[in-house]
Amino acid sequence: MKIKTYANKIIEIDLNDLSENSNLLALPALIVPHVHFRVPGAEHKEDWQTGARAAVAGGYTTVIDMPNNNPPVINYAGLMEKKKIINEQLKRSGLPLNYALYLGATKNNWTEFEKCAQQIAGIKLFMGASTGNLLVDKKEDQEKIFAEAARLNLLVAVHAEDEATINNNKQGLFHSVIRSREAAIKAVSQALELAKKYKTKLYLCHISTAEEINLVAEAKKEGVTVYAEVTPHHLFLNENDYDRLGTLGQVNPPLRTIKDNQALWQAINDGLIDIIGTDHAPHTLKEKAKPYPNSPSGVPGIETCLSLLLNACHESKITLNKIVELTHDNPQKIFNLPKNNDLVIVDLDLKKEVKNENLKTKCGWSPFVGRALTGWPVAVIINNKIKKL
């Protein structure tokens, strides 16, 4: 079967079980610099066998995994042990998924950065508490992290929510009130201040508000090396979805307003957003069914992100060029990843409903269940081998 590539070349691929009438296009395989595959310590939610299957099903052949594990990955020994486990699990999966890892920041482990520098994609800093027990909320400790990362030319990826603001809001009963937009705005402002002071490469995870976008825009004008990530759940869901989802829609930072959705889309098309990262953070349905605030924050998203974006392309919210830029080109450049020939074959006209029973992730559910989307991955080429989906 002859298929047109994103680069306007024609390639011949053996996909004979697909109709010649399928509107097939080969795109560069996706790269996501923000996943939580839960190894070590929470393999009942996800592991690298199920995570790899979920990634490939979503068109991703490269992932960068977060360090908030149990135990957290905060030193060279822990990093090497995690890599050993991952390699064993990927070998069992039969999928040659490309991956990189972050080192988690603590208030006093910055002395480990140099030992790990050649083995990591960057440092992950939690300015506000989230899943796991990694938290550095004092500015004097954050200063040391930014300074040492700058010295070693390491990127710092930040979960930017201000812990003091969150704690002051604890009397609230609503997740989006407790983890308020003010908490995100204050933390982003402080992270940008530190990045400017130390000339540190800053990666802001899961931007969720219009105000954060404005701060990023101003910082970029001032020459700060800052990269902004948005997630599919902050693009396609908002506070109105709590009525339908309940705690299944609980994420950190929380779902915001429709106006924030609109601001994020505008920022994408204005070139202020650098990456769409899934923040794939699976929890079991049993865990998510616990009454708030005992329910954990996080949603799976690696299998549905590309289809959501292709569907948005049909709705003229985003172009194919922009999808490739935000899910392949920019992640590769920002994280200095080696180039490969991996491709994802998408059927631009394939219509399917998101169904929990079709998902590969171990947690087995999606906040987008029931959505009918147009545009789905149907195969990937990874390490020059075809994997039909």
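**Cavities, pockets and an aromatic pair**

Me: What is the volume of the largest cavity?
Reply: This is a predicted model, where local features need pLDDT of at least 70, side-chain atom pairs count only at pLDDT 80 or more, and totals for chains, interfaces and linings use all residues. Residues are numbered from 1 along each chain as its sequence is written, and side-chain values use heavy atoms, without hydrogens and water. On a 1 Å grid over the protein atoms alone, a cavity is a set of points where a 1.4 Å probe fits but cannot get out. With points joined across faces, edges and corners, and volume taken as the space filled by probe spheres set on them, the largest cavity comes to about 140 Å³.

Me: Which element gives the most to the lining of the largest pocket?
Reply: A pocket is an open set of points with protein on both sides within 12 Å along at least five of seven lines, and the largest has a volume of about 580 Å³. Among its 28 lining residues, Ile120, Ala121, Phe335, Asn336 and Leu337 are the closest to the centre. Strands (E, at least two residues) and helices (H or I, at least four) are DSSP runs, numbered from the N terminus. β5, β6 and α14 each supply at least two lining residues, and the element giving the most, with four, is β6.

Me: How many charged residues line the second largest pocket?
Reply: This pocket has a volume of about 490 Å³. Of its 24 lining residues, Ala57, Lys352, Asn358, Lys360 and Leu389 lie closest to the centre. Its lining divides into 11 nonpolar residues, four polar ones and, for charged, nine.

Me: How many residues apart in sequence are the parts that phenylalanine 37 and tryptophan 48 tie together?
Reply: Their rings form an edge-to-face pair (centres within 6.5 Å, planes over 60 degrees apart), at 4.8 Å centre to centre and 75° between the planes. Phenylalanine 37 lies in the loop between β4 and α1 and tryptophan 48 in helix α1, so the pair links parts whose separation in sequence is 11 residues.

Notes: Phe/Tyr/Trp six-rings, centres within 6.5 Å; stacked < 30°, edge-to-face > 60°. 1 Å grid on protein atoms, 1.4 Å probe; cavity = no way out; pocket = protein on both sides within 12 Å on 5 of 7 lines; lining within 4 Å. Nonpolar A, V, L, I, M, F, W, Y, C, P; charged D, E, K, R; others polar.
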